[in-house]
2 protein chains.
Amino acid sequence: MLNQLSKKSLKLHKQNKGKIEVNSKVPLDSIDALSWAYSPGVAAPCKAIEENHEAAYDYTAKGNMVAVVTDGSAVLGLGNIGPRAAMPVMEGKSALFKEFAGVDAFPICLNTQDPEEIIDTIKNIAPGFGGINLEDIASPQCVEIENRLKDELDIPVFHDDQHGTAIVTLAALINSCKLTGKKLKDLKVVLSGTGAAGASIARILKASGVRSIVANKKDGVVTKSKIASYDSVVTALLEDKIIDSPEDNTTFESLFDHADVFVGVSVGDIVTKEMIQRMNSKPFIFAMANPDPEIKPAVALEAGAHVIGTGRSDYPNQINNVLAFPGIFKGALEARASNITENMKIAAAKGIANVIHDKDLSPDYIIPSPFDNRVVDAVKEAVREQAKGEKLEL
Amino acid sequence: MLNQLSKKSLKLHKQNKGKIEVNSKVPLDSIDALSWAYSPGVAAPCKAIEENHEAAYDYTAKGNMVAVVTDGSAVLGLGNIGPRAAMPVMEGKSALFKEFAGVDAFPICLNTQDPEEIIDTIKNIAPGFGGINLEDIASPQCVEIENRLKDELDIPVFHDDQHGTAIVTLAALINSCKLTGKKLKDLKVVLSGTGAAGASIARILKASGVRSIVANKKDGVVTKSKIASYDSVVTALLEDKIIDSPEDNTTFESLFDHADVFVGVSVGDIVTKEMIQRMNSKPFIFAMANPDPEIKPAVALEAGAHVIGTGRSDYPNQINNVLAFPGIFKGALEARASNITENMKIAAAKGIANVIHDKDLSPDYIIPSPFDNRVVDAVKEAVREQAKGEKLEL
């Protein structure tokens with residue numbers, strides 16, 4: 001039986017026949033208008049771009065147009081439902097880009113899950129786009145796909161499932177530190193989940209100064225001794241020394257001893273009150289599994305958690321990607337960046353964190369609301385300035 | 001030096017940063033709105049489509065969304081300017097789809113001119129689209145690409161450069177016959193140009209009852225004796241007996257003897273007054289080369305032409321593709337047709353022709369204006385009814 005929310009959503013989608021439309025920005029209502037926007041006048045911008053490809057940013061929609069590309073292999077909590085069933089998510093994402101940042105975005109749902117075909121197809125359709133937002137592509141192939149496209153395309157490529165959550169998690173951690181006086185470099189972090197999001201969280205925390213991260217995944221604590229059984233993403237976390245390798249036979253429970261931060265991007269209800277109680281004082285708990293967090297906020301609070309964030313909108317401190325991706329692309333597009341670098345992502349996290357004034361910070365308010373309209377500009381500015389700085393260094 | 005039209009066009013494109021934008025059709029301004037349009041409510045339409053792929057027509061924009069795809073190999077009069085420089089044309093075409101028929105259309109400019117890669121890429125991006133409008137792809141590969149995609153995709157595929165002009169030319173011919181009492185089956189047609197458009201014109205005229213067509217191309221009159229030198233498109237016209245093969249050494253001039261119709265999709269100023277004078281009485285001259293027609297309308301008129309059509313908006317009877325493609329796709333999409341058949345194209349031509357009442361027909365008014373808002377509905381209805389009939393026959 002469908003619940004109320006599902007019914008509402010089905011009705012909304014059916015009434016509107018989906019969520020996006022493509023509109024003309026110019027008049028086409030007279031012979032003159034047609035001759036300027038289309039034949040024969042259109043030959044002039046065509047020739048200008050033929051002479052200088054950069055002119056596409058002046059005369060076409062490219063400079064503000066992002067492709068939201070999926071193969072439907074890891075859609076929200078739904079798993080590998082394929083490109084057709086992924087469409088409502090991609091349309092939703094495209095609509096969010098426009099509504100939150102004024103960035104045009106268009107869903108591309110790929111009828112292949114072969115990494116080489118995905119890479120080739122995206123490269124083939126890239127000329128009309130100013131950026132590529134990869135979405136809901138399964139790990140580990142998402143990492144290879146993103147890295148290859150970053151190398152082979154001259155426009156920004158960003159897999160939101162990897163980096164969106166990572167950026168907002170870092171923002172939450174920055175403000176939690178401000179609130180408590182703790183320092184990133186002193187934090188001991190326990191990570192649960194080493195898929196696309198988990199790996200990117202570990203990497204951005206490390207790049208931001210966190211020195212101690214240990215991780216747990218479905219089959220137990222991640223250690224070097226089991227490296228042969230891991231996929232390329234987890235292997236790289238160990239080999240690149242992003243995460244530490246605890247002793248063999250270390251349990252998930254014991255990882256919490258003297259830890260300061262729990263970051264969960266895994267499954268619901270795996271963290272207990274007792275685990276939280278093993279942590280240092282004023283621990284930060286970011287339990288982002290959806291719809292059921294790794295530990296219920298009420299239980300975490302009872303156990304002594306000082307800051308609690310989840311993926312849900314009905315609790316305080318929602319770690320919501322929409323805080324990051326609209327402003328990140330807007331900033332990267334405005335700077336005409338050819339890449340979204342780790343430092344641009346860190347700048348975005350700081351941008352989100354700084355929206356909340358120090359005096360307003362509280363355990364229930366370390367992350368701004370997705371509807372706080374200061375966020376997108378703060379992120380855009382931070383990313384654009386960082387991108388410009390990096391261009392100057394080249 | 002840029003002329004006034006080019007300046008106007010460059011300014012229009014620059015001020016608006018291109019011509020299309022992507023907008024949300026649903027509100028996204030509250031936590032509730034987000035939960036219906038995006039996470040977590042969006043899971044419901046996703047699951048519905050996973051269970052039944054046809055539900056994508058209910059819950060996503062697919063059913064009204066056309067991809068306007070080019071490789072930039074044969075753009076307007078500009079030639080092989082590549083995918084980046086083709087963008088203004090594809091955006092213009094997309095804008096026309098929306099403005100004239102309410103059909104959403106999105107430009108896809110491909111960074112490859114290899115037919116197999118073009119086919120693979122289009123197949124890979126097809127799930128989110130209800131139809132594929134191929135645009136400005138060079139002949140002969142455009143025919144192979146279109147045919148393969150028609151076979152391998154379950155949505156309508158239509159190369160406008162082939163069929164758009166053909167459909168409007170047939171509409172012009174139907175009304176010219178009505179005006180003069182001539183019959184399609186009795187007409188002798190001289191075709192100049194056997195590229196994408198010329199070949200499709202020959203085929204639709206033949207399918208509509210015309211029995212005699214001879215053709216001329218750059219290197220002279222098309223005859224069987226020279227078949228080894230022709231590309232696959234011209235070869236097929238001869239082998240399929242779409243066009244007749246005159247005696248060897250027949251000249252272009254002599255093709256006009258006792259001809260009733262001249263159809264030009266070639267180059268400017270190649271037809272003389274004397275050639276027209278060789279034709280039967282009340283000849284129809286469709287000289288569609290752009291910007292300079294195969295013969296200037298004033299010269300053709302002086303030579304005795306009864307009906308004159310061109311590709312230009314500043315003469316009567318403009319043979320303009322915009323009369324056809326918006327309504328064709330709208331009709332095919334509404335009928336959920338899996339193909340655009342020859343009979344659907346002929347139905348579209350009759351739909352265009354029938355917009356003008358018999359009593360209103362005149363040599364200067366055999367083709368309605370592109371801004372006659374009866375056209376799109378007439379074409380849509382004709383195509384939809386034909387498509388429905390064909391579905392019943394299956």
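**Two chains and the contact between them**

Chain A averages a pLDDT of 97, with 99% of its residues scoring at least 70; pLDDT is the predictor's confidence in each residue, from 0 to 100. This is a predicted model, in which local features need pLDDT of at least 70, side-chain atom pairs count only at pLDDT 80 or more, and totals for chains, interfaces and linings use all residues. Residues are numbered from 1 along each chain as its sequence is written, chains are lettered from A and ligands numbered from 1 in the order in which they are written, and side-chain values use heavy atoms, leaving out hydrogens and water. The model scores ipTM 0.96 and pTM 0.97.

Let's start where the chains touch. Chain B brings 83 residues to the contact and chain A brings 84, where contact means heavy atoms within 4.5 Å. The size of an interface is often given as the accessible area lost when the parts come together. Here chain B and chain A bury about 8,300 Å² between them, 69% of it on carbon and sulfur atoms. That buried area is the accessible area (1.4 Å probe) the two parts lose on being put together, summed over both.

What holds polar partners up against each other? The rule finds 30 residue pairs in polar contact across the interface of chain B and chain A, both residues at pLDDT 80 or more. A polar contact is a pair of N or O atoms within 3.5 Å; within protein, one must be able to donate a hydrogen and the other to accept it, and residues adjacent in sequence count only if both atoms are side-chain atoms. On chain B's side, helix 5 of chain B gives the largest share, 14 residues. (Helices are DSSP runs of H or I, at least four residues, and strands are runs of E, at least two, numbered from the N terminus.) The residues on that side divide into 44 nonpolar, 19 polar and 20 charged; Ala, Val, Leu, Ile, Met, Phe, Trp, Tyr, Cys and Pro count as nonpolar, Asp, Glu, Lys and Arg as charged, and the others, Gly among them, as polar.

The rule also finds 2 salt bridges across this interface. A salt bridge is a side-chain nitrogen of Lys or Arg within 4 Å of a carboxyl oxygen of Asp or Glu. One joins the side chains of A:E21 and B:K98, at 3.1 Å from N to O.

Most residues other than glycine have a negative phi, and most peptide bonds are trans. A:S139 and A:P140, however, are joined by a cis peptide bond, with omega about 5°. A:K282 has a positive phi, near 50°, and sits in the loop between helix 12 (273-277) and strand 10 (284-287) of chain A.
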